[in-house]
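Visitor: Could you walk me through reading a fold like this one?
Guide: Happy to; let's have a look.

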Amino acid sequence: RFLSPLLSNTTDINSAYRNVCLLLLYSALAVVLIAVSMLLNRVAPAAPEAGVDVQPEISAGASIARGSDGAVAADHGECSALGVRVLQENGKATAADAAVAV
C-alpha cells in the first residue's frame, strides 16, 4: 500500500531505474579503477629505500657532471660541465637553464 502511489507514476519509475543504473555504472567504474591501481602496484618496480645511495644506469657515451647543488647529465662531458657551470654561476638558474645551455 505504501509503494503503490510511488509506482503509479511512470516518471518516478524511470527516474529510479536511471538512478540505479548510474549507481551500478559508478560502482563498476570504481571496481575497475581499484583493480588497475592494484595491478600497477604489483607491476611497477619498487622505489629504493630512503638513505640508500642508488645511482641510475648510464648509457654508453653519457656523462654526468656533479656540482655542489646538483648534477647535469648529457651525451658529452663538456656539455655536462657547461650545464653545471651555468648552475654555479647564476644563483637563480634552474634545471631548464642548464638544459638550454647543454
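Visitor: How many bridges join strand S1 to S2?
Guide: Two strands pair if DSSP finds at least two bridges between them. Here four bridges link S1 (residues 63-66) to S2, and the strands run antiparallel. Ser63 sits opposite Ala74 in S2. Strands (E, at least two residues) and helices (H or I, at least four) are DSSP runs, numbered from the N terminus. This is a predicted model, where local features need pLDDT of at least 70, side-chain atom pairs count only at pLDDT 80 or more, and totals for chains, interfaces and linings use all residues. Residues are numbered from 1 along each chain as its sequence is written, and side-chain values use heavy atoms, leaving out hydrogens and water.

Visitor: Is Val100 buried or exposed?
Guide: Val100, in helix H4 (residues 95-101), counts as exposed because its relative accessible area is 72%. Val100 and Val86 are 14 residues apart in sequence and 9.8 Å apart in space, C-alpha to C-alpha.

Visitor: And Leu25, buried or exposed?
Guide: Leu25 belongs to helix H2 (residues 10-43), and it is exposed because its relative accessibility is 52%.

Methods
Buried < 20%, exposed > 50% of the residue type's maximum accessible area, 1.4 Å probe, protein only.
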